[in-house]
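Subject: Structure handover and notes

Dear colleague,

Please find below the structure that I promised to pass on to you. My notes on what was found in it follow, arranged by region.

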Amino acid sequence: MEQRSQWGTRAGFILAAVGSAVGLGNIWRFPYVAYENGGGAFFIPYLFALLTAGIPILIMEFTIGHKYRGSAPLSFFRMKGKGAEWLGWWGIFVSFVISTYYAVIIAWAMKYTIYSFNTAWGDDTGGFLFGSVLNLADTPGEVGGIVPGVLLPLLLVWALAFIILLAGVKRGIELANRIFIPMLVVVFLLVVIRALTLDGAVLGLEAFFKPDLSKLANSQVWVAAYGHIFFSLSIAFAIMITYSSYLPKKSDITNNAFITGFANSGFELLAGIGVFAALGFMATQANTSVAEVASAGVGLAFVVFPKIINEMPGMSGLFGALFFLSLVLAGLTSLISICETYIAGVQDKFNVSRTKSVVFGVGLAAIISLLFATRGGLYFLDVADYFINQFGVAAIGLVEVILIAWVFKKLRVFENHANEISDIRVGMWWKVCLSVVTPIVLGYMMFDLLRINIFKLHETDNGNYEGYSNAFIMSTGWMVALFAIVMAIIFTVLKWNKNAT
Ligand code: PHE
Ligand code: NA
């Protein structure tokens, strides 16, 4: 058995945790989620979710990794045998699925970084993304051939991930984050400053921060806040357990969790400001409202930004390149963290070398990711993403807190463990959040999701997510969600290598 890896420095661990948290979600997801769910008013459910679920679970996962010093399955196994181990594998297989399409989005961003210098995006840039870039298939579910223009950057993304992961925890992951994260901060600050100096930036900010308090009465807004916090903080993915298992014995836990949580939220807020300042400019140029421009939702980064770049006076190519480069940097550090979950899990369970685990795990992920680089890739990506997030991440979060708080009754033990080594002490609020508040909100969220996705499934095709056909939803959405659970059970049943546990 190789000696367990360790972070070189405290800053190295924090940078890696922040690197995992700050990802595509902060830059393209948060701005439109916040805007659609009440603008300024969204900060209330958002902060509530951050303080009652996000940071408490982050503290819990840091504690688990630090206490049991293992990949997610090994940590859970040490906590409560195979009855807990499967939870670790579930997180790992959900991470595995996510890594296969997350890499593809980074590949698009890479392509756009280069494209930015070539300002001829064409006026209809929606057509540009779906046409020239993705050559999108006509029907969802149709595979079509590989799109060479996506394949090339995708191979580059995997090559980078491969090199970094192969170099190990300290000399690979830590070093990469030490370089990429400061770079990301500088690059993104430049983007935000430029956006703020554009004509009409203030209009965008007004639209973004204008509180629609009536939204607070809508339970969907609260559910959106919780969903976003889970995704954004990379919790319930097996990631934070894996990363904290590389902490030295003497490490602060709660403090690190607060730093990670607030750094991630700070970056999100910055992204919201930057993106909406640019949207304000776009609306002013096109003589429409910010609401109109912002309605692109998911398409904000890859559809609206090219238009903004088209319209910009002076050095627009550089602005675009920096924007997409920040997506690449933020995405890469997150991708590395997702891959590390299965690298560590396989290494622990089967007693293989890190090199073998990287070659096998990342290699397999890279091969599967080719599906998302086909002409039908975007549709597969859309459905897989929705189902794996709802019935993977949110579901794991719910099962994790219920098992730990109510079945294994471990909160007291974890509280003592965290308090012994941390500056900030956790207590009552922490236990109440984990055992009562989070289970209630996530439980309601699951109930609501099942109601929407199962019962509408039998009405009309239009009742499905995005109106996709039943066959497509079944074969891609539910299959992917199920795949993660079935694989988790299979891997749990397999025997541990003798020296692991
Ligand atoms: N937290 C990342 C983000 O905000 C997303 C992510 C998801 C990272 C899953 C790792 C694993 O984009
Ligand atoms: Na994030």
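Helices here are DSSP runs of H or I with at least four residues, numbered from the N terminus. Please bear in mind throughout that this is a predicted model.

With that naming, Asn 287, which comes just after α12, takes a positive phi of about 60°. Helix α12 itself covers residues 254-286, and its 33 residues should span 48 Å at 1.5 Å a residue, which agrees with the 48 Å between its end C-alpha atoms. For α15, with 35 residues, the distance from the first C-alpha to the last is 51 Å, close to the 51 Å expected at 1.5 Å a residue. Because 30 of its 35 residues are buried, α15 is largely enclosed by the rest of the structure.

Two further residues deserve a look for their backbone angles. Most residues other than glycine have a negative phi. Arg 69, however, has a positive phi near 45°; Arg 69 sits in the loop between α3 (43-68) and α4 (72-80), and counts as partly exposed because it has 17 C-beta neighbours inside 10 Å. Ser 234 also has a positive phi, near 55°, and belongs to the loop between α10 and α11 (239-244), but with 28 C-beta neighbours inside 10 Å Ser 234 counts as buried.

Ser 234 leads on to the ligand. Of the 15 residues around ligand 1, those that come nearest are Gly 23, Gly 25, Ser 232, Ser 234 and Ser 334. The helices that each supply at least two residues of this shell are α1 (10-21), α2 (24-36), α10 (219-232) and α15 (316-350). By class, the shell around ligand 1 holds 7 nonpolar and 8 polar residues, and no charged ones.

Helix α5 (residues 82-115) has 34 residues, which at 1.5 Å a residue should span 50 Å, and this agrees with the 50 Å that separates its end C-alpha atoms.

Ala 34, in helix α2, is buried, with 26 other C-beta atoms within 10 Å. Its contacts, apart from neighbours within four places in sequence, are Gly 39, Phe 42 and Gly 272, and the C-alpha atoms of Ala 34 and Ser 265, 231 residues apart along the chain, are separated by 12 Å. Ser 214, by contrast, lies in the loop between α9 (201-209) and α10, and counts as exposed because it has 10 C-beta neighbours inside 10 Å. Between Ser 214 and Trp 86, which are 128 residues apart along the chain, the C-alpha separation is 41 Å.

With best regards

Conventions
Residues are numbered from 1 along each chain as its sequence is written. Chains are lettered from A and ligands numbered from 1 in the order in which they are written. This is a predicted model: local features need pLDDT of at least 70, side-chain atom pairs count only at pLDDT 80 or more; totals for chains, interfaces and linings use all residues. A residue is near a molecule or strand if its C-beta atom, placed from the backbone, lies within 6 Å of it. Ala, Val, Leu, Ile, Met, Phe, Trp, Tyr, Cys and Pro count as nonpolar, Asp, Glu, Lys and Arg as charged, and the others, Gly among them, as polar. The expected span of a helix is 1.5 Å times one less than its number of residues. A residue is buried if 20 or more other C-beta atoms lie within 10 Å of its own, exposed if 12 or fewer, and partly exposed in between; C-beta atoms are placed from the backbone. Two residues are in contact if their C-beta atoms, placed from the backbone, lie within 7 Å.
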